[in-house]
Amino acid sequence: MVAAAVYAAVGTNRLRSVEGMGFATSRNPPTFENAARVVADAVADLPEPPEGPVVAERGEFYEEPDVRVEQFLGPSFKYVESIAERKTVQAAHHAAYAARKLFL
């Protein structure tokens, strides 16, 4: 697995700027716990800790409740709610896919 974390400034419906990216990899099987750990490692790899919540799509954590995901990612986590958050998650997906291609 390859995970990318994007630290971005966002408006209500668009991504304003990308402030940093973090990456992490894992060779463990894709269970909820392993996916949450590799994402937590990617968030820890960011140049600065995020000021806002960590945001992800529900499918990335097997639709587990946000309270359970928060146990791995820190004090503030939520699932995508706004268009800007969805675009930021898309940027992380593109970054993770590009990193995966480089590793293979």
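Is Glu85 buried or exposed at 14% relative accessibility? In this predicted model, Glu85 counts as buried, because its value falls under 20%.

Colleagues, the largest pocket has a volume of about 840 Å³. Its lining comprises 33 residues, and those closest to the centre are Val6, Val54, Val55, Val89 and Ala92. Two or more lining residues come from each of β1 (2-10), α1 (32-44), β3 (54-56) and α3 (83-103). Strand β1 gives the largest share, with 9 residues.

I now turn to the charged side chains. The model has 5 salt bridges. In one of them, Arg68 pairs with Glu33, with the closest N and O atoms 2.7 Å apart. Arg68 belongs to helix α2 (residues 66-73) and Glu33 to helix α1, so this pair ties together parts that lie 35 residues apart in sequence. Arg68 is partly exposed, at 29% relative accessibility, and Glu33 is also partly exposed, with a relative accessible area of 29%. Glu33, Glu64 and Arg68 are linked in a network of salt bridges.

Finally, Lys78 forms a salt bridge with Glu85 at 2.6 Å, N to O, and another with Glu81 at 3.4 Å.

Technical notes. Residues are numbered from 1 along each chain as its sequence is written. This is a predicted model: local features need pLDDT of at least 70, side-chain atom pairs count only at pLDDT 80 or more; totals for chains, interfaces and linings use all residues. Side-chain values use heavy atoms; hydrogens and water are left out. On a 1 Å grid over the protein atoms alone, a cavity is a set of points where a 1.4 Å probe fits but cannot get out, and a pocket is an open set with protein on both sides within 12 Å along at least five of seven lines; lining residues have an atom within 4 Å of a point. Grid points are joined across faces, edges and corners, and a volume is the space filled by probe spheres set on the points. Helices (H or I, at least four residues) and strands (E, at least two) are DSSP runs, numbered from the N terminus. A salt bridge is a side-chain nitrogen of Lys or Arg within 4 Å of a carboxyl oxygen of Asp or Glu. Buried means under 20% relative accessible area, exposed over 50%, partly exposed in between (1.4 Å probe, protein chains only).
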